[in-house]
Amino acid sequence: MNEHLDPLVLDLVEWVAQKPQPYARVIEVWRTSCPRLTVWEDACDRGFVKRKNVTGNGMIVVATPAGKTFLRKHGRIPDVL
């Protein structure tokens with residue numbers, strides 16, 4: 001992973017690990033047209049977050065087990081998550 005993006009990817013994964021977020025909100029906050037700032041795309045490509053359809057709530061974004069492992073490895077969440 002690009003070392004310059006690591007802190008931003010960690011922020012994104014940590015945010016959705018704490019509380020799943022509506023997909024539209026995640027895209028509004030994290031999507032960019034800058035080819036050098038691909039936080040959302042990197043998090044998805046590496047399997048750290050995924051979209052999930054929840055009846056009555058629409059599409060949400062959650063942290064995957066790989067994303068939670070990534071957070072733990074960098075001291076961002078306790079082992080219980």
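A salt bridge is taken here as a side-chain nitrogen of Lys or Arg within 4 Å of a carboxyl oxygen of Asp or Glu. The structure is a predicted model, in which local features need pLDDT of at least 70 and side-chain atom pairs count only at pLDDT 80 or more, whereas totals for chains, interfaces and linings use all residues. Residues are numbered from 1 along each chain as its sequence is written, and side-chain values use heavy atoms, with hydrogens and water left out.

The structure holds 2 salt bridges. In one of them, the side chains of Arg76 and Asp11 meet at 3.0 Å, N to O; Arg76 lies in the segment after α4 (65–73) and Asp11 in helix α1, so the pair ties together parts that are 65 residues apart in sequence. Helices (H or I, at least four residues) and strands (E, at least two) are DSSP runs, numbered from the N terminus. A salt bridge also joins the side chains of Glu14 and Arg76 (2.8 Å, N to O), linking helix α1 to the segment after α4 across 62 residues.

With buried defined as under 20% relative accessible area, exposed as over 50% and partly exposed as in between (1.4 Å probe, protein chains only), Glu14 counts as buried at 18%, while Arg76 is partly exposed at 26% and Asp11 is partly exposed at 32%.

Elsewhere, strand β2 (residues 49–54) and strand β3 (residues 58–63) run antiparallel and are joined by 6 bridges, where pairing requires that DSSP find at least two bridges between two strands. Asn53 has Met59 in β3 as its bridge partner, and in the hairpin, which has 3 residues between the strands, Gly56 takes a positive phi near 85 degrees.
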